[in-house]
Amino acid sequence: MSPWPTQRHIAAWGGVAPGCRESGGKTHRAAVRKGNPYVCTTLVECAGAASRTRDTHLADAYRRLCARTGSKMKAKVALARKLLIIVYHILNRMEPFHEPSRPTEHPARRQRAIQKHLRELHRLGYNIAPIYNC
């Protein structure tokens, strides 16, 4: 792993580093940097497979990115970068990968989800009174 001193270097080489376009002191969105097309394609395919797994950190990250960016492809490229960084650290440190523990759901997030679904049902013409037993 000596050709790449940091994880950012290997992400740029692999073609999955986020682009950076700056003008007038403002940073704008840009496409990913050009890099190794074979590595990039393989990583995006692997990210697609990882996004379909159940109860994993990578699948959760994919769903969060899809919701935030509104684009499945952007989420796959971001997940591909995450995969490449994981591989870099595995090979660099010679340690196995340990799946991060899933954080417990915050009660306020659950309440917001309940309220959102109740508003949606009300918009569709259903009037439902919530029963809280948690």
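**View 1. Contacts of Gly 14 in the predicted model****.** Gly 14 touches Gly 35, Asn 36, Val 39, Cys 40 and Leu 84, leaving aside residues up to four places away in sequence. Gly 14 belongs to helix α1, which spans residues 7–14. Gly 14 is buried, and its relative accessible area is 0%.

**View 2. Cys 40 and Cys 46, without a disulfide****.** The structure has zero disulfides. For Cys 40, the nearest cysteine sulfur is that of Cys 46, 11 Å away. A disulfide needs sulfurs within 2.5 Å, so the distance from Cys 46 to Cys 40 is too far for a bond. Cys 40, one of the contacts of Gly 14, is buried at 18% relative accessible area. Cys 46 is partly exposed at 39%.

**View 3. Salt bridge of Asp 60 and Arg 63****.** The count of salt bridges is two. Here the closest N and O atoms of Asp 60 and Arg 63 are 2.6 Å apart. Both residues sit in helix α3 (residues 57–69). They are three residues apart, so about one helical turn separates them. Asp 60 is buried at 13% relative accessibility, whereas Arg 63 is partly exposed at 45%.

**View 4. Salt bridge of Glu 120 and Arg 123****.** These side chains meet at 2.6 Å, N to O. Helix α5 (residues 107–123) holds both residues, three apart, about one turn of the helix. Glu 120 is partly exposed, with a relative accessible area of 37%. Arg 123 is exposed at 61%.

How values were computed
Residues numbered from 1 in each chain as written. Predicted model: local features only at pLDDT ≥ 70, side-chain atom pairs only at ≥ 80, totals over all residues. Heavy atoms only, no water. Helix = DSSP H or I, 4+ residues; strand = E, 2+ residues; numbered from the N terminus. Buried < 20%, exposed > 50% of the residue type's maximum accessible area, 1.4 Å probe, protein only. Contact = heavy atoms within 4.5 Å. Salt bridge = Lys/Arg side-chain N within 4 Å of Asp/Glu carboxyl O.
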